[in-house]
Amino acid sequence: MLVLLVLLKIVTAPKAPTDLPTTIAIKKGWNLIGASTAAKGVTEIPVAAFLYGTRWTALYSYSPDPAVGYQFARPSTGSLGSVTAVTVSAKWGAAVVTVGRAYWLYAESEGVISP
C-alpha cells in the first residue's frame, strides 16, 4: 500500500485595518454596506460626510439590544442626496455611522462612497 502525503503551506500577507478599500461601490436600491475609513483613530463619521455626493433616501442600522432595535436616518431637507442635514430616529442619537458596523442604505442611483 502506497500512501502519498502532500503538505501545502499557504502564505499571505497580513492585512492591516488601513488596507481597507477607500471607496464603496453602491447600486440603485438597497445596499448592505460597512462603515470604514482609512483615517487612523476615527470611530465615528457624520452620516452627511460619509454619504457625501450619494443620492440616498434611507439608512438603517440594527442593534441586537431589544431596547434599541432598528434605527434610521434620512436626508432631512426632503431632497435626495442631502449633504447638509440628516434626520435620525430617536434611538439613533447623533447622526453618525460607527466604523466597523454595517448599514442598509437605499440609494436612488449607482454611485461611490469615499469615506
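Author: This is a predicted model. Four bridges join strand β4, residues 56-62, to strand β8, residues 102-107, and the two run antiparallel.

Reader: Which residue stands opposite Trp56 in β8?

Author: Ala107 does.

Reader: What sheet do the strands form, and in what order?

Author: An open sheet of five strands, ordered β2-β8-β4-β5-β6, with antiparallel pairing. The edge strands are β2 (29-34) and β6 (86-88), each of which pairs on one side only. From one strand to the next, the twist averages 20°.

Reader: Changing topic to aromatics. How many aromatic pairs are there?

Author: Four in the structure. Among them, Trp30 and Tyr106 make an edge-to-face pair, with 5.1 Å centre to centre and 70° between the planes. That pair links distant parts of the chain, since Trp30 lies in strand β2 and Tyr106 in strand β8, 76 residues apart.

Reader: Why edge-to-face?

Author: Because the planes are 70° apart, and over 60 counts as edge-to-face.

Reader: How accessible are Trp30 and Tyr106?

Author: Trp30 has 48% relative accessibility, so it counts as partly exposed. Tyr106 is partly exposed too, with a relative accessible area of 24%.

Reader: And what about Tyr62 and Tyr70, what kind of pair do they form?

Author: A tilted one, 4.9 Å centre to centre with 50° between the planes. Tyr62 is partly exposed at 46% relative accessibility, whereas Tyr70 is exposed, with a relative accessible area of 61%.

Reader: Why does Tyr70 count as exposed?

Author: Because its relative accessible area is 61%, and exposed means over 50%.

Reader: Back to Trp30. Which residues share an aromatic cluster with Trp30?

Author: Tyr60, Phe72 and Tyr106.

Reader: Now the chain as a whole. What share of the residues is buried?

Author: Buried residues come to 30% of the 115 in the protein chain. The chain exposes about 7800 Å², and carbon and sulfur atoms supply 61% of that area.

Reader: And the contacts, how many join residues at least 24 apart?

Author: 65%, taken among contacts in the protein chain between residues at least 6 apart in sequence.

Definitions and conventions. Residues numbered from 1 in each chain as written. Predicted model: local features only at pLDDT ≥ 70, side-chain atom pairs only at ≥ 80, totals over all residues. Heavy atoms only, no water. Pairing = 2+ DSSP bridges. Axes fitted to C-alpha atoms, helices over the stretch in contact; angles between N-to-C directions. Buried < 20%, exposed > 50% of the residue type's maximum accessible area, 1.4 Å probe, protein only. Contact = heavy atoms within 4.5 Å. Areas by Shrake-Rupley, 256 points an atom, 1.4 Å probe, with all protein chains shown as cover. Phe/Tyr/Trp six-rings, centres within 6.5 Å; stacked < 30°, edge-to-face > 60°.
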